[in-house]
Amino acid sequence: MNKAYRKAVIAGNWKMNKTPREAAALIEEMKPLVCNAGCDVVLCVPYVDIAAAVETAKGSNIKIGAENVHFKASGAYTGEVSAQMLVESGVEYVVIGHSERRTYFGETDQTVNLRTLAALEAGLTAIVCVGETLEQRELGYTETLLKYQTKMALTNVKPEQLKNVIIAYEPVWAIGTGVTATADQADEGNGYVRAAVAEAYGEAAAKALTVQYGGSMNAGNAAELLAKENVDGGLIGGASLKAPDFAAIVDAASK
Ligand code: PEP
């Protein structure tokens, strides 16, 4: 495996935070702080912030993502947003299967797969989240579960579409809790994801895949996590809401 072979991607996940006006202000603050990044920089924002975020990020190295996408192209799905709608709005990335959606909104491995297929078909880059609960970890199921979730999410994804897939390993017990996985745990979890991709698509595909770690990554712990062989970037919740903290993580990924 060769880490230098892969693209590092630092992506913020704003969750249900920031109004359009606040989004524009935060991106203005971030632009000069991340303009020399040696990694890809993405901000995944609430749907209603997309127009302001795309406009504000124009001409900068910040790419805009959404936090979910529906799997149908159009139709009677009140409240939902299609992949093509996102593309036409200037969105390039989309988070799929975040643990908060799995926990609170009935997301399943099947719907994660359908959303991934729809996103890829539309030309979006899918940031697919996988991760075990504390109970699953304590029962010794982490490897089995991460491999299962990864393979399920990628069912019917064509090998040539993998270049537009990022997998984010996010242990559920580390998201928004302030409890970060150790660098070794992150490396191991990301390694299981990569191994699943190797089993399904071969070693070369696995070697090229960007696998992020997410779960209470912050300015203080990012460098240690990102130094690990299998950690190619981060999906950042809380720390992506503060420009200096997010910029410090981008810096850590740029070294
Ligand atoms: C996330 O929302 O994906 C996340 C990792 O959140 P936090 O960084 O706040 O733990």
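This is a short chat about two annotated residues in a predicted model.

Student: What should I keep in mind about the model and the numbering?
Tutor: Residues are numbered from 1 along each chain as its sequence is written, and side-chain values use heavy atoms, with hydrogens and water left out. As the model is predicted, local features need pLDDT of at least 70 and side-chain atom pairs pLDDT 80 or more, while totals for chains, interfaces and linings use all residues.

Student: Which residues does UniProt list for "active site"?
Tutor: The unreviewed UniProt entry lists H98 and E170; such annotations may be inferred rather than shown by experiment.

Student: Is H98 buried or exposed?
Tutor: Buried, with a relative accessible area of 5%; buried means under 20%, using a 1.4 Å probe and protein chains only. E170 is buried too, at 5% relative accessibility.

Student: What does the side chain of E170 make with the side chain of H98?
Tutor: A polar contact at 3.4 Å, meaning a pair of N or O atoms within 3.5 Å, where one must be able to donate a hydrogen and the other to accept it. A polar atom of the H98 side chain also lies 2.9 Å from the backbone nitrogen of E100.

Student: What else does H98 touch?
Tutor: Leaving out residues up to four places away in sequence, H98 touches N13, K15, C129 and I175 as well as E170, where contact means heavy atoms within 4.5 Å.

Conventions: Buried means under 20% relative accessible area, exposed over 50%, partly exposed in between (1.4 Å probe, protein chains only).
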